[in-house]
Amino acid sequence: MPSKKRRRKEERPKIHPKNKYSDNPPDFALLASLYPSFKPFVFYSREGRPKIDWTDFNATRELTRVLLLHDHGLDWWIPDGQLCPTVPNRSNYIHWIEDLLSSDIIPKTNSNGDNVRGFDIGTGANCIYPLLGASLLGWSFVASDLTDVALEWAERNVKNNQHVSELIEIRKVKCSQNTHTPEVLNNTESACSEEGEGLPSSSFHLPESKDKSYHGPPILVNVVRDGEKFDFCMCNPPFFESIEEAGLNPKTSCGGTHEEMVCPGGEKAFITRIIEDSAVLKQSFRWYTSMVGRKVNLKFLIAKLREVGVTIVKTTEFVQGQTCRWGLAWSFVPPTKKIISPHVTEKNIISFMLEGLQRQFGAIQVLQSVESFFHAVGASCKLNASTFTVDITASTDHCNALLRNEVKHHDEVASCSNVQEASPNLCFRVSVFQQIPGTLLIKGSLQHRDSPLSGLFSSIIQQLEDALRSKFCREKANF
Ligand SMILES: C[S@@+](CC[C@H](N)C(=O)[O-])C[C@H]1O[C@@H](n2cnc3c(N)ncnc32)[C@H](O)[C@@H]1O
């Protein structure tokens, strides 16, 4: 049986190829020589490699300042303790949206000609996404937030950059008493101050809610104005349910206040509200997107998207140093006939680890289970017990049967009738590799990447992963 010591490097998501830093990571020595204010934060390893102390907020803020200045011509600052963005990471999200907009999964319905208009939900004091989107790609933005400090500094960061200031409108989220609650929500309670407009940041603490749904200020509905149209919205949501959960990553110091990091119900509640708002605003946006911090939430949110009847769901994984983040995108615009755009073709090798295997199960049982998983829907399967592989050929109907009534992932048209229009087969191999006792690596390799069904490949492997996990693995946290 083939054996792999660890997950192959090339299978890990990579920094976006259009990202300025994909081939040229920031050169700390060069930046230190050019910017005296950055110099004190740079030190050298024994091998002579320039480094900074990632646990020092002043160092990470100064790095962001000089990178924005040097590489993007942006004059930028934030006060102590505010969330400090890392420029290469934030650029990945911008380039992913760029890919979505240029793909032909949905028709281009831009009424502004070629001018792209975005909405940044919760822009923060750093206003990073509008600044990057405007300076890199000339996009215009409405950038919302609700705390005084975020609004004041976002405004300053825009005004200090004349070349993009015309492109960015900072919009205050007003917490009025008659906050509209989308119909799809049962919840009618609003946590906004009755005093209305001004929510001093220090007093902005939302009450805990037992049902974990979002009870906060408006997000899109009642912030987007009548008749407004956008090409996309984006959001780096408050990820955590409590400041304790936000914790302190001992390896980095990117700041982040309670208001920036925490929302009752965490990102799950916050993004659920964005989804509910999108079901009200529908085609006012071509694409709705959000960053997601936990894979377990991603599954919940995709199920929610299906509930509200979106036409398309797309996901991606972002490289964020040692941590993973996901991008979730959806639309209500009817898709073009093509299931998958060639611009957004997915990987043809997808793998996952099966950890915590119960003792009585080994690779052979898993292999047999792979075979029966696909056999059950009538797909043709050839199991080879000496190479620990199963070769699968699945028709459109087989793929539909696998995906029907299940949570779908990645490039995918939600409507089954669209899927049925494509007739060719999806051919792929599933290999099982022993890693260490109790852990297997399962690898799916697509044989013909140009098959019109190839966009369903990742969803099918995700289904397989879920099935194998629930059959063979002990309960384990999914994050
Ligand atoms: C994690 S921070 C993201 C800041 C910035 N976009 C970034 O990526 O660094 C989340 C931001 O969302 C803001 N926020 C929270 N609830 C909001 C709402 N209902 N509408 C707009 N912004 C909100 C917070 O004040 C905070 O600035």
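Guide: Helix α12 (residues 396–403) packs with helix α14 (residues 457–472) at an angle of about 50 degrees, their axes lying 10 Å apart. The model is predicted, so local features need pLDDT of at least 70 and side-chain atom pairs count only at pLDDT 80 or more, while totals for chains, interfaces and linings use all residues. Residues are numbered from 1 along each chain as its sequence is written.

Helices are DSSP runs of H or I with at least four residues, strands are runs of E with at least two, and both are numbered from the N terminus. Axes are lines fitted to C-alpha atoms, for helices over the stretch in contact, and angles run from 0 to 180 degrees between N-to-C directions. Angles under 35 degrees count as roughly parallel, over 145 as roughly antiparallel, 65 to 115 as roughly perpendicular and the rest as oblique; α12 and α14 are therefore oblique to each other.

At this contact (C-beta atoms, placed from the backbone, within 7 Å), Cys 399, Leu 402 and Leu 403 of α12 meet Ser 459, Ile 460 and Gln 463 of α14. By class, the contact of α12 with α14 has four nonpolar, two polar and no charged residues. Here Ala, Val, Leu, Ile, Met, Phe, Trp, Tyr, Cys and Pro count as nonpolar, Asp, Glu, Lys and Arg as charged, and the others, Gly among them, as polar.

Residues 24 or more positions apart account for 71% of its contacts with a separation of 6 or more.

How values were computed:
Contact = placed C-beta atoms within 7 Å.
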